[in-house]
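Hi everyone, thanks for coming. I'd like to walk you through a few details of this one, so please have a look at it first.

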Amino acid sequence: MKIYRAKDYNDMSRKAANLISAQILLKPNCVLGLATGSTPLGTYRQLVERYNQGDLDFSEITTVNLDEYKGLTHDNSQSYYYFMNENLFSKVNINKSKVFLPDGTEPDSETACQKYNEILHAVGVIDLQLLGLGHNGHIGFNEPADFFTTETHCITLSERTIQANARFFATAEEVPRQAYTMGIKTIMSAEKVLVVISGEDKADIVKKAFFGPITPQVPASILQLHRNAVIIADEAALSKCE
Ligand code: GLP
């Protein structure tokens, strides 16, 4: 596990975009695992800028997203599909038939998860998986639990996650209570993982996740065992790891 210290949010975003750009340049038809949340926004902005400058080509890329809220349609502005479309897919020359997220509109959890697993198996190994970090150590929507999850599953969100994500909704009541998420085993199978983390509010969990014991109660702690994990965190997020 390599930890890179970024000066601030912009520096973190630029460093993360450098790594993703290198991945795309080295393997133009790679599979990128993508993440939502506010942290990767700057990284996506940088990627779009590089695409606009003519330095990146997304035409052969396949993407698989970590998660999606159960019950939200693509045109719901809180859905992760909408987020990805707004912040990346609609702004670059990506082939929309090669972008995948769990289907939040599928009401039957088993069917939704099985379908997404089939997609993940068909696209093959993820070359680079981008991740954010939840305040309770969740990655994707893999919440603290008694065991590490394997493949795509339906999760009931913890109260902490609902409160943290309520900032994107009009009220906390509107935050969906369930989501479909890629499992830990799939994330761990990626060739490389890249975690972006910013802000003092993440400092405690950064210390726990990457310097504490490996436990499913802190799902991100498993990344300590990944053979090619890169953490890019800003000074504020690393402030308790001195
Ligand atoms: C959500 C997403 C996660 C993300 C987390 C942190 O719960 N499902 O993938 O990492 O939020 O979000 P933020 O980057 O906004 O702190």
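Let's begin with helix 1, residues 9–26, where Asp11 and Lys15 sit four residues apart, about one turn of the helix. Keep in mind that this is a predicted model. The side chains of these two meet in a salt bridge, 3.0 Å from N to O. Asp11 is buried, at 8% relative accessible area, while Lys15 is partly exposed at 26%. Arg14 joins in as well: Asp11, Arg14 and Lys15 are linked in a network of salt bridges.

How many salt bridges does a search of the whole structure find? Six. Another one of them pairs Asp127 with Lys27, at 2.9 Å, N to O. Asp127 lies in the loop between helix 4 and strand 6, and Lys27 in the loop between helix 1 and strand 2, so this pair ties together parts that are 100 residues apart in sequence. Here Asp127 is buried at 8%, and Lys27 is partly exposed at 34%.

That brings us to helix 4, residues 109–123, which spans 21 Å from first C-alpha to last, close to the expected value. Which of its residues are buried? They are Ala112, Cys113, Tyr116, Asn117 and Leu120. Those residues cover an arc of only 130° around the axis, which puts them on the same side of helix 4. Their cover includes strands 3, 5, 7 and 8, along with helix 6. On the other side, Glu110, His121 and Ala122 are exposed. Just after the helix, Gly124 takes a positive phi of about 90°.

How values were computed:
Residues are numbered from 1 along each chain as its sequence is written. This is a predicted model: local features need pLDDT of at least 70, side-chain atom pairs count only at pLDDT 80 or more; totals for chains, interfaces and linings use all residues. Side-chain values use heavy atoms; hydrogens and water are left out. Helices (H or I, at least four residues) and strands (E, at least two) are DSSP runs, numbered from the N terminus. The expected span of a helix is 1.5 Å times one less than its number of residues. Buried means under 20% relative accessible area, exposed over 50%, partly exposed in between (1.4 Å probe, protein chains only). The arc is that of the directions from the helix axis to the C-beta atoms. Contact means heavy atoms within 4.5 Å. A salt bridge is a side-chain nitrogen of Lys or Arg within 4 Å of a carboxyl oxygen of Asp or Glu.
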